[in-house]
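The tour goes from one selection to the next and says what is found at each stop.

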Amino acid sequence: MRKDIHPDYHFIDVKMTDGTIIKMRSTYGSEGDTMSLDIDPLSHPAWTGGTARLMDAGGRVSKFKKKYEGLGF
């Protein structure tokens, strides 16, 4: 395996939607940077059972619903 071709793998802080901060290893940014999540397991309907509502960024959700409204989704 060739040396010095892999990105730096370091610790960052990941800020969840409820404000909690989790420390994990990543190639994102540099050591000690903070990544803020818009959607995480605490707010995504796949993990919450569909009770949480996703924010409609730029009308994309409503555009999707309008496009496929006749299919019964």
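Begin by selecting β1 and β3: these two strands run parallel and are joined by three bridges. This is a predicted model, so each stop shows what the prediction contains.

Stay on this pair and select Asp-13. Which residue in β3 is the bridge partner of Asp-13? Select Thr-34 to see that partner.

Together the three strands make up an open sheet, ordered β2-β1-β3, with mixed pairing. Which strands stand at the edges? They are β2, residues 21–26, and β3, residues 34–36. Each of these has a single partner strand, so one of its sides has no neighbour in the sheet. Turn the view to look along the sheet: from one strand to the next, the twist averages 35 degrees.

Next, go to the segment before β1, which spans residues 10–15, and select Asp-4 there. Is Asp-4 buried or exposed? Its relative accessible area is 80%, and residues over 50% count as exposed, so Asp-4 is exposed. Look at the backbone of Asp-4 too: phi is positive, about 60 degrees, although Asp-4 is not a glycine.

Finally, colour the model by pLDDT. The average for the protein is 81, and 81% of the residues score at least 70.

Notes: Residues numbered from 1 in each chain as written. Predicted model: local features only at pLDDT ≥ 70, side-chain atom pairs only at ≥ 80, totals over all residues. Heavy atoms only, no water. Helix = DSSP H or I, 4+ residues; strand = E, 2+ residues; numbered from the N terminus. Buried < 20%, exposed > 50% of the residue type's maximum accessible area, 1.4 Å probe, protein only. Pairing = 2+ DSSP bridges. Axes fitted to C-alpha atoms, helices over the stretch in contact; angles between N-to-C directions. pLDDT = per-residue confidence, 0-100.
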